[in-house]
Amino acid sequence: MIRTTIFGGSFNPIHKGHINLAQQLLNEGVTDEVWLMVSPHNPLKKQEGLIDENMRLHLAQLAIKDNQNIKASDFEFNLPRPSYTWNTLNKLKQKYPERIFSLLILKIWITKIIKNTAAET
């Protein structure tokens, strides 16, 4: 089984911090691959000022071109919008049953998710 970590985000734009974090996961043996899951529509972010999704994907591909174990993915481009992580993970598991998926969640997003969930209840 291939261990694949999903690192989702808008990547608006991608930067060295994103790449360094993905590389650190690989260096520490936490995962076999990191997929940068470019989100076309993150429900927790405003759409204003967002670079076109295809351009963000292209920039991510350029940023990782020399690293075979980090991939930029447009998987969410063909899913219903906005992009919800649970839906993405379910679809990934269906399409790639030979992989074990893990999810990289940054502290800033955990805080936003908790705040949004509390506001909805």
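The buried residues of helix 1 are covered by elements that include strand 1, strand 2, helix 2 and strand 3. The model described here is a predicted one. The buried positions of helix 1 are His 18, Ile 19, Ala 22, Leu 25 and Leu 26. When helix 1 is viewed down its axis, these residues fall within an arc of 125 degrees, so they line one face of the helix. On the other side of helix 1, Lys 16, Asn 20 and Asn 27 are exposed. The length of helix 1 was also checked: its 12 residues should span 16 Å at 1.5 Å a residue, and this agrees with its end C-alpha atoms, which are 16 Å apart. Just after helix 1, Gly 29 has a positive phi of about 75 degrees.

The protein has 121 residues, of which 36% count as buried. Among contacts between residues at least 6 apart in sequence, 71% join residues at least 24 apart.

In soluble globular proteins, nonpolar side chains tend to be buried together. In this model, the largest nonpolar core has 17 residues, and the members that touch the most others are Phe 7, Val 34, Leu 36 and Ile 70. Helix 1, strand 2, helix 2 and strand 3 are the elements that each give two or more residues to this core. Helix 1 supplies the largest share, 4 residues. The surroundings of Ile 70 illustrate the packing. Leaving aside neighbours within four places in sequence, Ile 70 is in contact with Ile 19, Ala 22, Gln 23, Leu 26, Val 34, Leu 36 and Ile 64. Another core lies apart from the largest one; it has 7 residues, among them Ile 6, Trp 35, Met 37 and Leu 92.

Helix 2 comprises residues 53–63, and Glu 53, Arg 56, Leu 57 and Ala 60 are buried in it. Down the axis of helix 2, the buried residues fall within an arc of 100 degrees, so they too line one face of their helix. These residues pack against strand 2 (33–38) and strand 3 (70–73). At the start of helix 2, a side-chain oxygen of Asp 52 comes to within 3.1 Å of the backbone nitrogen of Asn 54.

Several backbone features were found in the loops. In the loop between strand 1 and helix 1 lies Phe 11. The phi of Phe 11 is near 50 degrees, a positive value in a residue other than glycine. Phe 11 has a relative accessibility of 3%; the cut-off for a buried residue is under 20%, and Phe 11 therefore counts as buried. The loop between strand 1 (2–9) and helix 1 (16–27) also holds Pro 13. Asn 12 and Pro 13 are joined by a cis peptide bond, with omega about -5 degrees. A cis peptide bond also joins Arg 81 and Pro 82, where omega is about 0 degrees. Pro 82 is located in the loop between strand 3 and helix 3 (85–95).

How values were computed:
Residues are numbered from 1 along each chain as its sequence is written. This is a predicted model: local features need pLDDT of at least 70, side-chain atom pairs count only at pLDDT 80 or more; totals for chains, interfaces and linings use all residues. Side-chain values use heavy atoms; hydrogens and water are left out. Buried means under 20% relative accessible area, exposed over 50%, partly exposed in between (1.4 Å probe, protein chains only). The arc is that of the directions from the helix axis to the C-beta atoms. Contact means heavy atoms within 4.5 Å. A polar contact is a pair of N or O atoms within 3.5 Å; within protein, one must be able to donate a hydrogen and the other to accept it, and residues adjacent in sequence count only if both atoms are side-chain atoms. A nonpolar core is a set of buried Ala, Val, Leu, Ile, Met, Phe, Trp, Tyr and Cys residues joined through side-chain atoms within 4.5 Å. The expected span of a helix is 1.5 Å times one less than its number of residues.
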